[in-house]
Amino acid sequence: MMSKLSSIEHQASSIRHQASSIKHQASSIKHQASSIKHQTPLFLPVFEYGNSYVTIEQLENQFDVTALITNAYFLYKKRELKLAVTEQNVKNFLGFGGLVVTDSGAFQQFSGPLYLSNKKIIKFQRDIGADVISPLDIITTPGDNRTTATKKLNATLKRIREGMALADPAILIGVQQGGRFHDLRGYALEKLMEMGVKYIALGSLVPFFNRNHDIEFIGKVIQQARKIIDPDIPIHLYGGGDPLELPFYIFMGCDIFDSSSFIHYARGGWYMTPYGAFDVQRNTPASLPRTCECSLCKTDRKEVWENEKKLALHNLWTIQDVIREMRMIIGRGNRLSEYLNHVTAIHQECFPESRLAGSWERLCNNYRDFT
Ligand SMILES: [Zn+2]
């Protein structure tokens, strides 16, 4: 049987530490049996059916979006949506021809019981024709102690093992758990490799974002993951969506990101730039470190500053633009570290209280433990 899978062409990441410099070397990954390839790094905007901020046409035509993530549980729980999406398949239903990644609803477990089984939601994602699908993993909070984190990790591994037999022709995401314990996270990855997963996502890191750009913990998780995981297997950082931080994660070996940050930031009145997000109430367009080249800002920058919906679109453009720039730098074999130094310098000048530079320095030192 022909696989209908799209493939993910992974262009990332082996990292070497040479003398005093760290080099990121792009290597390419190929995926089996398929015609469509997706270049990494790749950003998957969160798209929910009925979303009023951005349409599929806009994503495809204005933002060059070739891949997105959508919540399968949302489609599953409403009877009429479930029927429609099962009948038409998810790509026809959304009107989107690119790579479709689905989320299982694991995150919604926080808002109440789901009455959902792992098997059912995996089969549903497979049957609606999603390309990359998620198990119902069990989220660990940073406050979970070692015993709880271990239990959640083992239960998640069990669900992934159960899903591996059901996923084909989709790719099942091997979700890493382990909470704040690096050794547990390492153990999770070793088990996932033994199971033969082809796609890894780093789970339960969302609470570690927004700590005034202290990227140390997340960075260590990525550094460890890249060391354990086969270089051909893409690593997805759930919830990564700050255009300031993404290049650092890419440098360390992360390939795929997803987020609805562009909407959340706009709701909170934050204008994204590659150097950090600026509060529209406390800044003016003239105070920015760089002029934005998106069509909205070029047409009427003041309007973007005042209109939440336009601000969301500007934010999405900014994320995509940073991803484009990363691909260009990696593709040309240029040194990403120069970009990071440049961004850090401007960012720290605009936000002197930020923890980015300090945490980044600690991460660079941490590479010495690896080599
Ligand atoms: Zn703009």
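Modeller: In this predicted model, the largest nonpolar core has 94 residues. Leu44, Leu68, Ala130 and Ile200 have the most contacts inside this core. Helix α12, residues 308-331, gives the most to the core, with eleven residues.

Leaving aside neighbours within four places in sequence, Ala130 is in contact with Ala72, Val90, Val100, Val101, Thr102, Gln125 and Ala170. For the protein as a whole, contacts with a separation of 6 or more are 70% between residues 24 or more positions apart. Buried residues make up 46% of the 371 residues, and the protein has 14 helices and 15 strands.

Two packed helices are described by the angle between their axes and the distance between the axes. For helix α7 (residues 182-195) and helix α8 (residues 216-228), the axes come within 10 Å and cross at roughly 30 degrees. Angles under 35 degrees count as roughly parallel, so α7 is roughly parallel to α8. The crossing of α7 and α8 is right-handed. On the α7 side, His182, Arg185, Gly186, Leu189, Glu190 and Met193 take part in the contact, and they meet Lys220, Val221, Gln224, Ala225 and Ile228 in α8. By class, this contact of α7 with α8 has five nonpolar, three polar and three charged residues.

Definitions and conventions. Residues numbered from 1 in each chain as written. Predicted model: local features only at pLDDT ≥ 70, side-chain atom pairs only at ≥ 80, totals over all residues. Axes fitted to C-alpha atoms, helices over the stretch in contact; angles between N-to-C directions. Helix = DSSP H or I, 4+ residues; strand = E, 2+ residues; numbered from the N terminus. Parallel < 35°, antiparallel > 145°, perpendicular 65-115°, else oblique. Left-handed = near helix turned anticlockwise from the far one by under 90°. Contact = placed C-beta atoms within 7 Å. Nonpolar A, V, L, I, M, F, W, Y, C, P; charged D, E, K, R; others polar. Core = buried A, V, L, I, M, F, W, Y, C linked by C-beta atoms within 7 Å. Buried ≥ 20, exposed ≤ 12 C-beta atoms within 10 Å, placed from the backbone.
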